[in-house]
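Subject: Structure handover

Hello,

Here is the structure I said I would pass on. My notes on it follow below.

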Amino acid sequence: MRSKPKVLFLCTQNSARSQMAEALMRHMYGDRFDVFSAGTNPGVVNPYAIRAMQELGVDMSSHRSKSVDEFMDQDFDYVVTVCDNARKNCPFFPGKNVIHRAFRDPAAAKGTKEEVMAVFRQIRDEIQSWLKEQFGQ
């Protein structure tokens, strides 16, 4: 039996966009893809990202930020950069489908907690729509 295609989502800190992409992809298409995420300069998973995903019934509370170095010896069918910085600083993964789709960084949002949360919801929804277009067939 052929294994499922492997997808790696990359952003800078692996704290918001790539984490939400990983969780959404696993939630929507985990039966068809093995999904991972990492960062070029990992930090910590953003609490707003966790909350935004909980609103969709997707639990990201056990996720941790991971370095791209953890995945250097693995083969991926798709490497998806979700920010321009990761695209520029991403190590080369030979012979794979490299996809770039920059999403605005929700962690850069300013304002009240509710205003920041609204930005995380917007980016989450943009990622979800894009995943449906890109991988939903």
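Buried is used here for under 20% relative accessible area, exposed for over 50%, and partly exposed for anything in between (1.4 Å probe, protein chains only). At 4% relative accessibility, Phe135 therefore counts as buried.

This is a predicted model, in which local features need pLDDT of at least 70 and side-chain atom pairs count only at pLDDT 80 or more, while totals for chains, interfaces and linings use all residues. Residues are numbered from 1 along each chain as its sequence is written, and side-chain values use heavy atoms, with hydrogens and water left out.

Aromatic residues

A pair of aromatic rings is described by the distance of the centres and the angle of the planes. Rings of Phe, Tyr and Trp (its six-membered ring) pair if their centres lie within 6.5 Å; planes under 30 degrees apart count as stacked, over 60 as edge-to-face and the rest as tilted. Searching the whole structure gives nine aromatic pairs.

One of them joins Phe33 and Tyr78, which are edge-to-face at 6.3 Å centre to centre, with 70 degrees between the planes. Phe33 lies in the loop between α1 and β2 (34–39) and Tyr78 in strand β3 (residues 78–81), so this pair ties together parts that are 45 residues apart in sequence. Helices (H or I, at least four residues) and strands (E, at least two) are DSSP runs, numbered from the N terminus. Phe33 is buried, at 8% relative accessibility, whereas Tyr78 is partly exposed, with a relative accessible area of 24%.

Tyr78 also pairs with Phe135, again edge-to-face: 5.3 Å centre to centre and 85 degrees between the planes. Because Phe135 is in helix α4 (residues 113–135) and Tyr78 in strand β3, this pair ties together parts 57 residues apart in sequence. Phe33, Tyr78 and Phe135 belong to one aromatic cluster with Phe103 and Trp130.

Helices α1 and α2

The axes of helix α1 (residues 17–29) and helix α2 (residues 47–54) come within 10 Å and cross at roughly 25 degrees. Axes are lines fitted to C-alpha atoms, for helices over the stretch in contact, and angles run from 0 to 180 degrees between N-to-C directions. The crossing angle makes α1 roughly parallel to α2 (angles under 35 degrees count as roughly parallel, over 145 as roughly antiparallel, 65 to 115 as roughly perpendicular and the rest as oblique). Met20, Ala23 and Leu24 of α1 make the contact with Ala49, Ala52 and Met53 of α2, where contact means heavy atoms within 4.5 Å.

Asn14

Which residue has a positive phi although it is not a glycine? That is Asn14, with a phi of about 50 degrees. Most residues other than glycine have a negative phi. Asn14 is found in the loop between β1 (6–11) and α1, and is buried at 0% relative accessibility. Leaving aside neighbours within four places in sequence, Asn14 is in contact with Gln19, Ser37, Ala38, Gly39, Val45, Arg64, Ser65 and Lys66. Of these, Arg64 is 50 residues from Asn14 in sequence and 8.3 Å away in space, C-alpha to C-alpha.

Regards
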